[in-house]
Amino acid sequence: MSDSGRTASAYHPDTYGGRVGELEHFLREAARDLRGPGEELDADPDAVSRFLHLPAVRVQQHMLTPARYAGGGDLLPSFVPAEASCAEWILAAEWLAYGDPGMTLASPGPALSTAVLRALADEAQRDWFFTKTADWPSWAFFALTEPGKGSAATELTTRLDAAPGGDGWVLTGEKMYIGNGAHARAGVVFCRRAPGPWGIEAVMVDTRDPGFHAETLPIIGLRGARISRLRFDGMYIPPERILGRDRPRSRRGLQGALQAMLWFRPSVAAFALGAGRAACDYVLEQRPALAGADRARIDGLADRIRRLRRLLHEVAAEIDAGSPNTFRVSGVKMRAAHLAEDATMLAARLLGPASLVEHPWLDKLYRDVRAFEFMEGTGNIHRRGVFQGLLRDDYLTPRDRDARPGRAVEGVM
């Protein structure tokens with residue numbers, strides 16, 4: 001096909017039918033409203049309050065909240081699901097990030113905490129948490145990472161000690177790099193009650209309780225996420241706020257952290273792929289006559305995004321079916337983060353030496369996508385996961401082996 005006969009986009013999304021097709025069409029249109037607000041948010045992270053009326057800003061809270069607590073029915077069509085599956089959520093995450101990843105992460109909602117609640121909470125605990133986060137607008141946080149420790153769950157130092165008198169618990173410690181932590185209404189905090197991996201607990205906190213302190217950290221990308229540092233100074237935790245308290249120790253705190261990261265790693269990959277697609281399409285909007293080797297580079301990158309997108313949806317389907325392949329999840333997340341960086345670097349090269357000055361939106365996206373490398377585990381951590389899967393012969397599916405013998409599939413190399 002000649003260049004003049006090509007479409008304006010280097011990427012052609014899969015075509016869905018039925019409810020999912022309607023959902024994708026809605027998300028594609030809603031995401032268009034996020035570009036301008038995203039640039040305002042980059043200058044003022046608290047500007048999200050001016051855009052709460054946008055349907056795209058309501059999506060996260062609605063889709064990550066159990067149906068009986070979900071709101072937004074006045075702005076969202078009926079086919080936008082509450083308590084979405086992993087496959088439905090990554091579809092939303094990709095399109096919203098195509099609009100603007102910063103606005104997506106700035107939007108109200110329960111965020112990663114919803115996966116912990118799904119895995120560990122009883123009915124009373126769900127009521128306590130989601131009645132707080134269902135109010136509009138309300139943010140929640142997921143607090144695992146600590147200063148000097150990162151997200152190494154088994155090295156937590158935040159303590160959960162018995163309260164004086166033996167009724168309840170006292171939370172003491174610090175958390176670092178927590179999205180929307182300084183603006184949240186409630187959150188889930190991982191802490192240590194006893195030595196060893198089974199001594200880890202997940203507790204729900206109300207940020208209005210005494211002993212909670214938070215500050216927003218200065219960052220250069222994804223500024224709307226309002227990354228925060230949290231401190232807990234003897235914060236009282238009632239017994240009923242320990243998630244999974246009636247379960248064996250091996251099936252509560254650490255299990256909740258692992259479930260949350262497994263469920264949300266595909267969505268980080270989706271954010272990255274959506275941002276990468278946006279960079280490719282932006283180049284074609286600015287240089288519609290792009291041809292030759294430069295056009296081949298854009299088309300080649302778009303093809304890599306398309307292939308990884310297919311694998312991402314397979315990984316999400318495996319999670320929804322209850323048979324996740326953690327090694328493939330690691331591979332998809334790692335590759336998606338790299339593709340997003342590749343896309344912005346290619347866009348900057350093709351638009352010229354001064355592109356990041358002449359194109360403020362591209363400069364913002366260039367900064368934003370660097371965060372995906374650090375969200376839900378760095379590339380080195382996921383490389384180890386992929387290596388372990390290949391070593392155990394658990395990474396490739398039978399279809400992969402039959403269709404591509406002797407070749408490295410996208411998501412591995």
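Student: Which residues does Thr114 touch, not counting residues up to four places away in sequence?

Tutor: This is a predicted model, in which local features need pLDDT of at least 70, side-chain atom pairs count only at pLDDT 80 or more, and totals for chains, interfaces and linings use all residues. Residues are numbered from 1 along each chain as its sequence is written, and side-chain values use heavy atoms, with hydrogens and water left out. Contact means heavy atoms within 4.5 Å. By that rule, and leaving aside residues up to four places away in sequence, Thr114 touches Leu64, Phe130 and Phe264.

Student: Is Thr114 buried or exposed?

Tutor: A residue is buried under 20% relative accessible area, exposed over 50% and partly exposed in between, using a 1.4 Å probe and protein chains only. Because its relative accessible area is 1%, Thr114 is buried.

Student: How are helix 8 and helix 12 oriented to each other?

Tutor: Helices are DSSP runs of H or I with at least four residues, numbered from the N terminus. The axes, lines fitted to C-alpha atoms over the stretch in contact, have angles running from 0 to 180 degrees between N-to-C directions, and those of helix 8 (residues 253-286) and helix 12 (residues 360-368) come within 11 Å and cross at roughly 155°. Angles under 35 degrees count as roughly parallel, over 145 as roughly antiparallel, 65 to 115 as roughly perpendicular and the rest as oblique. Helix 8 and helix 12 are therefore roughly antiparallel.

Student: Which residues of helix 12 make the contact with helix 8?

Tutor: On the side of helix 8, the contact is made by Ala275, Ala278, Ala279 and Tyr282. Their partners on helix 12 are Trp361, Leu362 and Leu365.

Terms used. Helices (H or I, at least four residues) and strands (E, at least two) are DSSP runs, numbered from the N terminus.
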